[in-house]
Structures are given as structure tokens and as C-alpha cells.
Amino acid sequence: MPQVQLKIAASRISGFREAVRIQESFVTKAEKRVLRWLAERMPERVNSDHLTGLGAVAMFLVGASYASTRFTPYGLLLACFFLAVNWFGDSLDGTLARYRSRQRPRYGFYVDKMIDCFGVTALFAGMGASGHLQPLIAVWLLVAYLLLSSEIFLATYSLAEFKMSYFQFGPTELRMLLCAGNLYVFFHPAVRPFGLPLTLFDFGALIGAGGMVAIAIVSFVRHTRILYDAERLP
């Protein structure tokens with residue numbers, strides 16, 4: 001990018017205000033203590049970018065692990081391992097930056113959220129290829145995720161409020177839920193919830209997708225009212 005364009009871009013973001021992070025999930029307090037403990041002991045040569053990269057690679061490997069379950073059920077266990085690695089990198093990068101006073105809120109938010117979108121796309125693609133989740137349901141789940149993500153990102157820009165959890169569930173709880181489902185399907189591969197012609201992952205994905213769409217709609221209505229009142233025309 002030419003130098004003039006870089007200066008123009010810098011001037012546009014000079015008045016940036018960091019959004020308030022709202023995270024009220026089941027494990028938030030315990031998770032913050034663990035992440036702080038890890039940050040205090042992280043070698044100096046490891047920085048937040050390294051952790052972000054680790055989390056990104058791990059999520060793609062989660063998708064690959066799910067895809068491998070078409071050939072071996074042990075892919076489910078491998079997916080649990082890489083979900084744990086993803087949590088380590090994705091959750092610790094921001095904590096480490098804050099602990100070392102090396103925050104880059106605009107860069108961190110943008111890069112982290114784009115990586116999340118690419119990573120989740122790889123995750124659902126792998127699940128759709130696994131045979132445990134119907135491809136059409138995987139697409140519907142991805143659409144619902146991206147719809148909710150769009151609402152969250154726009155609210156972050158418009159309201160300076162970054163909501164990271166709903167109904168006490170955040171990214172960490174979702175990883176734990178996925179691992180629990182992996183373990184259950186590993187030992188009970190033929191389970192059909194309530195006798196429906198659906199796998200456990202099909203059933204969970206439909207509920208999850210419906211929930212994300214509902215949250216996106218409710219949040220859209222709520223935030224629209226807030227912004228309308230804040231910018232009411234005379």
C-alpha cells in the first residue's frame with residue numbers, strides 16, 4: 001500500500017475506542033485464573049502472535065481430525081486433543097499480551113476474529129466430511145455461526161461492546177461440549193437421539209444453529225432499538 005494511503009488509514013483509526021469485553025460463562029473465573037498462571041510462566045521468546053498462530057493451525061487440524069473419522073474412529077479423540085491446543089493458543093494470546101502490556105486491540109481483534117471465521121469454516125467442513133454430520137446441516141450450522149458473528153462484530157463497532165458469551169456459554173464451553181460429544185460418539189457410534197433418523201452431531205447442530213439464529217435476531221432487534229434511541233432524529 002502506498003505511503004499516502006497508509007497515512008490516511010492511520011488517521012481514520014486514530015480515534016479508536018476499545019470495546020468492552022463481556023464474558024459471563026460457566027468457567028470464566030476459573031479460566032481467567034488458569035490463563036493468568038500460564039501467562040506468568042510463558043517463556044519470553046513466545047509472544048501472542050505465536051499463540052494466535054498455534055490456535056489457528058490447531059483449529060484446522062481439528063477439522064482434519066473430524067474428516068479422518070470416516071476412516072478411523074480415533075479421529076474423534078484426535079479432534080479433542082487439537083481442540084485443547086486451540087483453546088491454549090486462542091485463549092492465552094490476549095491474556096499474554098495484556099500481562100506483558102503489549103496490547104494491540106485493533107490488530108488483535110481483527111486478526112483473531114478473521115482466523116476464527118476461517119477456522120470454524122474448516123471445523124464444520126471436516127465435520128461435514130466425517131459421516132457423523134450431514135453436509136447440508138454442516139452448511140446450515142456455518143451460515144448460522146457467520147450470521148451471529150456478523151451481528152457481534154457490527155455491535156462491537158456500533159456500541160463498543162464485544163459480547164463473548166450467551167446464556168453462560170462461550171467458546172470454551174462449546175469446545176468442552178464438542179469434546180464430550182466426541183467421546184460419547186466414540187463409545188456409542190450408532191446412537192440416534194429420541195429415535196430420530198439423525199446422528200448425535202446432526203441433532204446437536206440443528207439445535208445449535210437454531211439457537212444462534214434466534215440469538216442473532218433478538219440481538220439485532222435489541223441493538224436496533226438502542227441505536228435508534230441514541231440517534232433519534234428531531
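This is a predicted model: local features need pLDDT of at least 70, side-chain atom pairs count only at pLDDT 80 or more; totals for chains, interfaces and linings use all residues.

Me: Is Ala160 buried or exposed?
Reply: A residue counts as buried when its relative accessible area is under 20%. For Ala160 that area is 12%. Ala160 is therefore buried.

Me: What is the phi of Ala160?
Reply: Most residues other than glycine have a negative phi. Ala160 is a residue other than glycine, yet its phi is positive. The value for Ala160 is near 55°.

Me: Which loop holds Phe194, and is Phe194 buried or exposed?
Reply: Phe194 has a positive phi, near 55°, and is not a glycine. Its loop runs between helix 7 (171-187) and helix 8. Exposed means over 50% relative accessible area.

Me: What is the order of helices and strands in the protein chain, from the N terminus on?
Reply: The protein chain has 8 helices and 2 strands. Read from the N terminus on, the order is α-β-α-α-α-α-α-β-α-α.

Me: How are helix 6 and helix 8 oriented to each other, parallel or antiparallel?
Reply: Helix 6 (residues 135-159) packs with helix 8 (residues 200-230) at an angle of about 25°, and their axes are 9 Å apart. Angles under 35 degrees count as roughly parallel. Helix 6 and helix 8 are therefore roughly parallel.

Me: How many charged residues are in the contact of helix 6 with helix 8?
Reply: The crossing of helix 6 past helix 8 is left-handed. Sorted by class, their contact has 19 nonpolar and 4 polar residues. The number of charged residues there is 2.

Me: How do helix 4 and helix 7 run, parallel or antiparallel?
Reply: The axes of helix 4 and helix 7 are 9 Å apart, at an angle of about 170°. An angle over 145 degrees counts as roughly antiparallel. Helix 4 and helix 7 are therefore roughly antiparallel.

Me: How many nonpolar residues are in the contact of helix 4 with helix 7?
Reply: On the helix 4 side the residues include Leu83, Asn86, Trp87 and Asp90, and on the helix 7 side they include Arg175, Leu178 and Phe186. The contact also has 4 polar and 2 charged residues. The nonpolar count is 12.

Me: Which residues are in contact with Arg175, leaving aside its neighbours within four places in sequence?
Reply: Arg175 is in helix 7. At 10% relative accessibility it is buried, the limit being under 20%. With neighbours within four places in sequence set aside, the residues in contact with Arg175 are Leu83, Asn86, Trp87, Asp90 and Ser91.

Me: What is the distance in space between Leu206 and Leu233?
Reply: Leu206 is in helix 8, and at 35% relative accessibility it is partly exposed. Not counting residues up to four places away in sequence, Leu206 touches Ile137, Trp140 and Leu198. Leu206 and Leu233 are 27 residues apart in sequence, and their C-alpha to C-alpha distance is 41 Å.

Me: How far apart in space are Gly210 and Phe162?
Reply: Gly210 lies in helix 8 and is partly exposed, at 34%. In sequence, Gly210 and Phe162 are 48 residues apart. In space, C-alpha to C-alpha, the distance is 22 Å.

Note on methods: Residues are numbered from 1 along each chain as its sequence is written. Side-chain values use heavy atoms; hydrogens and water are left out. Axes are lines fitted to C-alpha atoms, for helices over the stretch in contact, and angles run from 0 to 180 degrees between N-to-C directions. Helices (H or I, at least four residues) and strands (E, at least two) are DSSP runs, numbered from the N terminus. Angles under 35 degrees count as roughly parallel, over 145 as roughly antiparallel, 65 to 115 as roughly perpendicular and the rest as oblique. A crossing is left-handed if the near helix is turned anticlockwise from the far one by less than a right angle, and right-handed if clockwise. Ala, Val, Leu, Ile, Met, Phe, Trp, Tyr, Cys and Pro count as nonpolar, Asp, Glu, Lys and Arg as charged, and the others, Gly among them, as polar. Buried means under 20% relative accessible area, exposed over 50%, partly exposed in between (1.4 Å probe, protein chains only). Contact means heavy atoms within 4.5 Å.
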